[in-house]
Amino acid sequence: MANDNEMNSADDQALADEWAAALGEAGDGQADIDALLAADAGNKANRMTMEEFGGLPKSNGSVSLDGPNLDVILDIPVSISMEVGSTDINIRNLLQLNQGSVIELDRLAGEPLDVLVNGTLIAHGEVVVVNEKFGIRLTDVISPSERIKKLR
């Protein structure tokens, strides 16, 4: 029984190493996020309390990561999805679909996938396979200020 646990642990470690290598090839995008969080942590004197967070004046259209404490939202779960493509079909064709049916999408083969968070486009990427599981390597990430603009 102990031998099975050792094998599972070794398999888990090998899988973790493969993912780490794949993510390392993509560059260090986490460094940008860490830099933003570190800069925000240095501005503790300028942070607002939670009561003041709701009473912010309406924005004049400019987007900034300064101001309210972002720590209050960092643990909120979000839904992330990858979109291969889409198409419009009528209900008659939808009802005729069965196993083996092929649906033509609006994307060319090899074109980047859209990465959506709660339905909002945040990046483009390509499919990768690591240890027989699918993943996505981000090729183009929308800047944080552009993402914030899209939320409004």
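Glu 132 counts as exposed because its relative accessibility is 79%, where exposed means over 50% relative accessible area, buried under 20% and partly exposed in between (1.4 Å probe, protein chains only). The model is predicted, and local features in it need pLDDT of at least 70, side-chain atom pairs count only at pLDDT 80 or more, and totals for chains, interfaces and linings use all residues. Residues are numbered from 1 along each chain as its sequence is written, and side-chain values use heavy atoms, without hydrogens and water.

Glu 132 sits in the loop between strand 3 and strand 4, strands being DSSP runs of E with at least two residues and helices runs of H or I with at least four, numbered from the N terminus. Although Glu 132 is not a glycine, its phi is positive, at about 65 degrees. Asn 131 belongs to the loop that links strand 3 (120-130) and strand 4 (133-141). Its phi is also positive, near 55 degrees, in a residue other than glycine. Because its relative accessibility is 41%, Asn 131 counts as partly exposed.

Elsewhere, the surface carries a patch of negative charge formed by Glu 83, Asp 88, Asp 106 and Glu 111. Of these residues, Glu 83 lies in strand 1 (residues 80-83). With 30% relative accessibility, Glu 83 counts as partly exposed.

Val 84 is located in the loop between strand 1 and helix 4 (91-95). Val 84 is one of the residues of a nonpolar surface patch that also includes Ile 89, Leu 94, Leu 97, Ile 103 and Leu 105, with about 480 Å² of accessible area together. Patches consist of residues with over 30% relative accessible area and no salt bridge, like charges being joined within 9 Å and nonpolar side chains (Val, Leu, Ile, Met, Phe, Trp, Tyr) within 5 Å.

Definitions and conventions. Accessible areas come from the Shrake-Rupley method with a 1.4 Å probe; for residues, only the protein chains shown count as cover. A salt bridge is a side-chain nitrogen of Lys or Arg within 4 Å of a carboxyl oxygen of Asp or Glu. Lys and Arg count as positive and Asp and Glu as negative; His and the chain ends are not counted. The place of a charge is taken as NZ of Lys, CZ of Arg, CG of Asp or CD of Glu.
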